Amino acid sequence: MTDALTTWAGSHTFRGGPVVHPETVDEVAALVADARHVRALGSRHSFHDLADGPGTLVVLDRLDVPTVIDPDAATVTVGGGVRYGELARDLHAAGWALHTMASLPHIAVAGTVATATHGSGVTAPNLSAAVRGLEIVGAGGEVRTLGPEDPELAGSVVALGGLGVVTRVTLAIQPTYDVAQEVWLDLPWRTALERFDALMSSAYSVSLFTDWIGDAVGQVWRKHRVDGDAWTLPEAGDVLAGARPAPGPVHPVPGPDPEACTQQGGVPGPWHERLPHFRLDFTPSAGAELQSEWLVPRQHAVAAIEALRGIAHVTSPLLLVSEIRTVAGDDLWLSTAHGGDRVALHFTWKPLRAEVDAALPVIEETLAPFDARPHWGKLFSGPGLDRTWQDLYPRWDDARALLGRRDPEGRFGNDFLRRVGLRS
């Protein structure tokens with residue numbers, strides 16, 4: 001058993017086993033072929049039983065798959081267990097970049113794309129949208145390769161581990177670039193909401209940090225893409241009227257040392273050292289925490305934010321901090337941004353599981369009128385009041401059928417997939 005194996009923040013203890021660390025794709029294939037139940041683990045940056053299962057747990061941290069850059073196709077192929085921060089360093093050294101990064105560079109590629117994890121930016125889709133190919137060890141131990149023209153790719157990228165063990169991922173890349181990051185404090189809510197679209201479009205990546213109480217947004221992080229050498233920090237403009245520049249480095253969670261955060265102050269630097277909020281060599285975020293997140297269509301963002309401000313008495317006492325971000329739409333069947341642009345409403349909770357679990361239905365009822373989709377890897381209780389997963393995801397039945405067709409005996413099934421109805 002695996003009593004000592006937990007998710008990264010200790011929010012879930014894995015019940016499956018044995019835990020194995022294959023070093024080759026052939027070893028993965030043999031393990032899958034011999035096991036009755038299998039789930040793949042990456043960096044375990046989730047908060048519940050998404051990656052758990054009753055049988056073999058395949059950890060991809062030792063998988064020996066070379067990173068291969070194809071400059072003609074502008075793609076990189078990488079092992080599923082590689083962390084984004086490590087991939088980013090290799091890409092930048094070779095003159096290449098990704099279009100975005102999540103706030104934590106510590107997360108593994110396969111698990112990240114399987115859950116539609118994202119950064120922020122009105123023109124930046126989530127990390128899953130960069131996928132141009134997958135290598136998957138399927139239910140019989142067979143190794144399948146999906147390319148950009150494969151009709152199953154859009155249903156296989158965000159698949160929550162239900163199609164097999166993803167051993168290689170091919171991602172779109174672009175020439176490397178620099179980013180400069182600045183932080184502003186105490187932006188009046190009135191300004192933030194009246195000029196929300198302009199504010200969130202005022203830099204390549206924008207994040208708002210709040211505790212939902214008071215008259216002001218606590219912090220605004222703007223990350224500017226730098227093109228060329230002659231670059232100066234943009235003026236604050238009307239979108240930041242009433243806010244003040246941070247006098248020095250800040251941490252999004254009140255209290256911790258900002259040394260763990262990427263460089264601020266408008267100093268340009270490599271994209272992978274600015275787009276994440278946290279540095280790879282430090283414990284990300286607050287460490288001991290829980291997380292939840294819901295994504296709403298961008299046209300509902302202001303109304304959804306105002307609704308959440310109305311239940312601050314429920315959420316704020318449990319919060320470390322909340323973050324508001326933007327994600328461009330994509331066509332991946334189970335992506336939280338499928339079908340259109342979204343605004344992400346994120347909650348970093350104190351490690352108070354019972355209290356947080358009690359608050360989740362209140363939040364979901366509040367956000368249900370806005371067609372909110374919960375982040376797959378974070379805590380939620382359901383699709384929301386009077387909503388079904390089919391209401392939220394137009395390709396839900398197609399995704400369920402694909403999982404059943406590729407894994408008819410449920411080798412990759414688990415309690416999480418049954419609970420959301422993707423497996424019977």
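A salt bridge here is a side-chain nitrogen of Lys or Arg within 4 Å of a carboxyl oxygen of Asp or Glu. Side chains of opposite charge can pair when their charged atoms come close. Keep that in mind as we walk through this predicted model, in which local features need pLDDT of at least 70, side-chain atom pairs count only at pLDDT 80 or more, and totals for chains, interfaces and linings use all residues. Residues are numbered from 1 along each chain as its sequence is written, and side-chain values use heavy atoms, with hydrogens and water left out.

Let us start with the whole chain. The protein chain holds 12 helices and 19 strands, where helices (H or I, at least four residues) and strands (E, at least two) are DSSP runs numbered from the N terminus. Its radius of gyration, 21 Å, is close to the 22 Å that the globule rule gives for 424 residues, so the chain is as compact as a globular protein of that length. That radius is taken over C-alpha atoms, and the globule rule is 2.2 Å times the number of residues to the power 0.38. Of the 424 residues, 58% are buried; buried means under 20% relative accessible area, exposed over 50%, and partly exposed in between (1.4 Å probe, protein chains only).

Now for the charged pairs. The count comes to 20 salt bridges. In one of them, the side chains of Arg244 and Asp186 meet at 3.1 Å, N to O. Arg244 lies in strand β14 (residues 244–245) and Asp186 in strand β11 (residues 178–188), so this pair ties together parts that are 58 residues apart in sequence. Arg244 is partly exposed at 42% relative accessibility, and Asp186 is partly exposed at 34%.

Another salt bridge joins the side chains of Arg423 and Asp407 (3.7 Å, N to O). Arg423 sits in the segment after α12 (415–420) and Asp407 in the loop between α11 (396–406) and α12, so the pair links parts 16 residues apart in sequence. Arg423 counts as buried at 11% relative accessibility, and Asp407 is buried at 0%. A network of salt bridges that share partners joins Arg144, Glu152, Arg405 and Arg406. Within it, Arg144 and Glu152 meet at 3.6 Å, N to O, and both of these residues are buried.

Finally, look at Glu23, in the loop between β1 (19–20) and α1 (25–34). Glu23 is partly exposed, with a relative accessible area of 43%.
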